[in-house]
Amino acid sequence: MAAPLLEVAGVGKRFGRLTVLDDVSFSLAPGEAFGIVGPNGAGKSTLLNVVNGVLRPDAGSVTFDGADVTRAGAAARCRAGMGRSYQIPRPFGGMTVLENALVAASFGGGHSGRAATDCAWGALETAGLGNQADVPAGSLRLLDRKRLELARALATEPRLVLLDEIAGGLTEAEVPALVETVRGLVAQGVAVVWIEHVVHALVAVVTRLLCLTYGRVLAVGDPHAVLADPQVVEVYLGSTIGGDDPVVEAT
Amino acid sequence: MTGVQPAAGATRPAGTTPPKVRRGGRSARIGAVAMVAVVAVLVYLPFMSSRGTQIDLVGLFSLVVLGTMWNLLAGYGGMISIGQQAFIGIGGYGLVYLATNLGLDPFLAVPVAAVVCGLVAWPTSYLAFRLTGGYFAIGTWVIAEVVRLLVTQVDAVGAGSGASLTAFSGLDPVFRIAYVYWMSLTIAVVVVLGVYLLMRSRTGLALTAIRDDPTAAASSGVAVDRAKRLVYVVAAAGCGLAGAMIVANTLRVQPGSIFSVDYSAMMIFIVVIGGIGTIEGPLVGAIVFYLLQDTLAELGNWYLVVVGVVAVVITLVAPKGLWGLTRGRVELFPVGYRVGPRG
């Protein structure tokens, strides 16, 4: 087995007296697609914040590409090859869509001049924003803001991309196109950590799945096996059991 | 849900040729020509105007520098400072100390004083950057007060009563005023042009991103603290130049006036009235403030009331400042990136 690209070991995070993450560990091989599910408030976004360096963990370590990055900032991790999209979009509202991607291409991707604009443009095309390049990002609607999150993450030319609920809010008809986009990334050898509530989109892409609840790893492994786990069904899918969720039926 | 577009990725063929990116249009070229003409007239001005006009215009140039620096801090760096008078004061006192006490040529002392401001600002930033938002603003004011109190302890520069700039005494006033005028004009042009070039550079792109969302900027690979520190140091040096200009113009420095928080109020007025986050805005704001100051001088205290009313009206009518009324259609200093027409 290849050396892991990302290794999260025993990570803990507290906000005051509230334990948000407790002894979370997982690792990711280069090019692997990894999914994270869990109920609201399970600590999924906090986990991504610890992985990409927006938050420092209180315990444990994060190793990226063989280097301990636990104390490194988000910018350094991004330049090392870690792209990130936010669940609640954070566009650079006063800049155009192209300029947003250009920031990521210039600083995350390390490009300048023509190479930077080409890289930014490629990311916009992939994310489906090519026809809105000159639009101020602050005037985009929610779906396009989500696309911009993806475009910015891609423009950093990551080896690992962290996607936080990019399918949330998409219509049923739009999900397949997104699944194809993420599959395309994986096909190019980009490793993906994807948090998503749209479970069927996730299962269509990822090869391993982690279920997080109350900041702890409840189950990790083959997606179908994890979703069939009685504990996972109880805490996460409990309300839909026996319902018409295609994933539950498929298992 | 209304108006949901299909994901464009499904309909658009991947890998279309990247378009050319434009960084300025016709208005920028016309603007550049106009700017050169204005500067040329201003350079020639001392040969055909009174000394009083020149002294007044040095005041305008210092407002341009101050507004441009505050805009760099707040409009691009996202740092609302109300303590830039610390560096205005160090610049002014620096000029007096270097020229009078150390015997340095005053025209050389001005840039040296600015460098001193930058050198002071660099370690200060580690203190100030521990605070964010409103706390940062108050922190900068506290730092400015500390600097003022420290300066009033120094007998070599007149302690609490201030000092005079005597280094020009050998110079005929006609020449002195013209030289100070040209120096101030040069500083104003260099500062505005310097900020323009900075904002067109990669650093400018990083700063604009930081202004809009520092967390997302960091996650996109921008070294946020380093860029902000650079801006803080540059803005300190720029305010130091303005302080030195003011003292070279009035020949007198006093702790109460050069470290006055009024300077921060002026800078905020200039930038907000003119248009924050644009290079043109502070120029417009400085001219408006200068004209108000000039025409309302005899009103006494009512002058501040009128300035306040003007500020309220303009923020209501033009929330993005006077330059914001152009809605981005006119860019004299284009810093953005636009996709050109596709061939």
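Ala3(A) counts as exposed because it has 11 C-beta neighbours inside 10 Å; a residue is exposed with 12 or fewer other C-beta atoms within 10 Å of its own, buried with 20 or more, and partly exposed in between, the C-beta atoms being placed from the backbone. The model is predicted, local features need pLDDT of at least 70, side-chain atom pairs count only at pLDDT 80 or more, and totals for chains, interfaces and linings use all residues. Residues are numbered from 1 along each chain as its sequence is written, while chains are lettered from A and ligands numbered from 1 in the order in which they are written.

Ala3(A) belongs to the segment before β1 of chain A.

In chain A, four strands form an open sheet with antiparallel pairing, in the order β2-β1-β4-β5. Strands are DSSP runs of E of at least two residues, helices runs of H or I of at least four, numbered from the N terminus; two strands pair if DSSP finds at least two bridges between them. Strand β1 (residues 6–15) of chain A is joined to β2(A) by seven bridges, and Val8(A) is opposite Phe26(A) in β2(A).

Chain A contacts chain B through 43 residues, which meet 36 residues of chain B; contact requires C-beta atoms, placed from the backbone, within 7 Å. Helix α3(A) gives the largest share of the chain A side, seven residues. Its helices that each supply at least two residues are tabulated here.

| Helix of chain A | Residues |
|---|---|
| α2(A) | residues 74–79 |
| α3(A) | residues 97–107 |
| α4(A) | residues 114–127 |
| α5(A) | residues 142–155 |
| α6(A) | residues 175–187 |

How values were computed:
Contact = placed C-beta atoms within 7 Å.
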